[in-house]
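Open the model in your viewer and keep the selection panel handy. We will begin with the whole chain and then walk through a few spots one by one.

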Amino acid sequence: MDIAVIGTGYVGLVTGVGLADFGHDVICCDNNEEKIAALNQGKIPIWEPGLEQILERNSSRLKFTTDLADAIRSSRAIFIAVGTPQNADGSANLEYVDEAARSIGQYMNGPKLVITKSTVPVGTGRRIANIIEQAGTPHRASIVSNPEFLREGSAIEDFMKPERVVIGADDEAAVQLMRDIYEPLHSLDTPFVVTNVESSELIKYAANGFLATKISFINEVAALCEKVGADVQDVARGIGLDKRIGILFLQAGPGFGGSCFPKDTAALASIAKQHDSKFRIIESVMEVNDAVKQRMVEKTIEALDGEPRGKTVAVLGLAFKPETDDMRDSPTIPLIEGLQKRGVKIRACDPAAVQNAEKIFDNVAYFHDAYETAEGADALVIATEWNVFRTLRLEKIKSVMHVPVMVDLRNVYEPHRVRAEGFTYFGVGRGAEVPAPERV
Ligand SMILES: NC(=O)c1ccc[n+]([C@@H]2O[C@H](COP(=O)([O-])OP(=O)(O)OC[C@H]3O[C@@H](n4cnc5c(N)ncnc54)[C@H](O)[C@@H]3O)[C@@H](O)[C@H]2O)c1
């Protein structure tokens, strides 16, 4: 099928490249000229493992352009994958989606399948249909919601082997076209959830809301662990092995961040408000998350003996999670800015996110690796659990630090092992003084 993807960011680029791998001819379109110029020179504008190889493999079926009119005219199916950032009131900003819909209405030259991949509030499918209609086109647009569940860092695998494909549509022909687009997934027995547009739109927000709830829940448990002398790692495992709960997403840490959870929880609360109801759980989840981020600043200050002014903190990891360069809403932002406000000097490193971090922070000194970063520091903060930070040579780190203090915001290390190396150790929710017998 001839397919256009509008928006060539984290989701649009992976979608375009993945669909080309499924055998379709794909035009990836973006109004950011720099991005398209880079892609046309074979340069990938984002850090995503495996993306480069799969792009190269499918280059004959891929085109990158800023010519939206041509992309729309040449395609039977058009995916909208533009950003939906957060408005000041928490609602989703639909200006880019609206603009894409207006362009489709303006340039369409035949029947088109218009598929929303962006995460959009319930009712956006109707809104897109109205915008296209208002353009006065004589052609029919079938509107489909097809939310994306990929995770940055494993986006290729998630797109090529999804746990489910959700399709929201109002007519059978549109559903059939979607099944054709995802044909290779049928042989993998991928479950398809076929429903109406509204349910599909809500599925995406409900999924992210639920996952964010798990994170805030375990972070509240972690706070309690610190007070009662329990270890959150053991508590998480002890509850997570119950299949009804599940072990994933029960990792206590510095709070959720990234390009999705913060804005999607806010949007979900906003959708509820717009319909005269209150999503109490989600509102608490956001409140807890804000408090957790603040708690991490306080924890680090406690590690500096409560006297932060003039001290130096080495921050390992800046991206909101490993294997991405994405800094959007990273928990390191309130952490670093909170520490700087209290007079702390920051040294930092990250395997992929430094370029993006430089656009956010003032007065942060960047280094290539953990050992350089730790030089002269009064505390070492493990902020993102990249693999390289899981296997630090602690004696070497200790030898370059001013004071050997570790603040392990990702609970990567066993407290007693780090203490045995001569460090003062602070984890998240690790209140147990006595180490547990070796975990089985
Ligand atoms: N990043 C993720 O992990 C993820 C996962 C699932 C869903 N989503 C959702 O997918 C959507 C896109 O997210 P993203 O992270 O890829 O965003 P992004 O900011 O990386 O990419 C959006 C792209 O759209 C382009 N764009 C905006 N308006 C345009 C227009 N009118 N014409 C052409 N291009 C236009 C921008 O230049 C940008 O390159 C969001 O709704 C997000 O919530 C993201």
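Helices (H or I, at least four residues) and strands (E, at least two) are DSSP runs, numbered from the N terminus. This is a predicted model, in which local features need pLDDT of at least 70 and side-chain atom pairs count only at pLDDT 80 or more, while totals for chains, interfaces and linings use all residues. Residues are numbered from 1 along each chain as its sequence is written, and side-chain values use heavy atoms, with hydrogens and water left out.

**Stop 1: the whole chain**

Colour by secondary structure, and you have 18 helices and 14 strands to look at. The radius of gyration, taken over C-alpha atoms, is compared here with a globule rule of 2.2 Å times the number of residues to the power 0.38. The chain's value is 24 Å, close to the 22 Å the rule gives for 440 residues, so the chain is as compact as a globular protein of that length. Its C-alpha trace spans about 75 × 45 × 40 Å along the principal axes. Of the 440 residues, 55% are buried (under 20% relative accessible area; exposed is over 50%, partly exposed in between, with a 1.4 Å probe and protein chains only).

**Stop 2: α10 against α12**

Now select residues 197–228, helix α10, and 261–274, helix α12. They pack at an angle of about 115° with their axes 9 Å apart; axes are lines fitted to C-alpha atoms, for helices over the stretch in contact, and angles run from 0 to 180 degrees between N-to-C directions. Show side chains for the contact (heavy atoms within 4.5 Å): on α10 the residues include Leu202, Tyr205, Leu211 and Ile215, and on α12 they include Phe261, Leu268 and Ile271. By class, the contact of α10 with α12 has ten nonpolar, three polar and two charged residues. Here Ala, Val, Leu, Ile, Met, Phe, Trp, Tyr, Cys and Pro count as nonpolar, Asp, Glu, Lys and Arg as charged, and the others, Gly among them, as polar.

**Stop 3: on to α13**

What angle do α12 and α13 make? It is about 145°, with the axes 9 Å apart. Thr265, Ala266, Leu268, Ala269 and Lys273 of α12 meet Ile282, Glu283 and Met286 of α13. Five of these residues are nonpolar, one is polar and two are charged.

Stop 4: At 10% relative accessibility, Thr119 counts as buried. Leaving aside neighbours within four places in sequence, Thr119 is in contact with Thr84, Lys204, Tyr205, Lys263 and Asp264. Lys204, Tyr205 and Asp264 also take part in the contact of α10 with α12. Next, go to Ser103 in helix α5, residues 95–107. Ser103 is buried, with a relative accessible area of 11%, and touches Leu68 and Ile72, not counting residues up to four places away in sequence.

**Stop 5**

Most residues other than glycine have a negative phi. The phi of Asp305 is near 60°, a positive value, and Asp305 is exposed at 66% relative accessibility. Finish at Asp329, in the loop between β9 and α14 (332–341). Asp329 has a positive phi near 55° and is partly exposed, with a relative accessible area of 38%.
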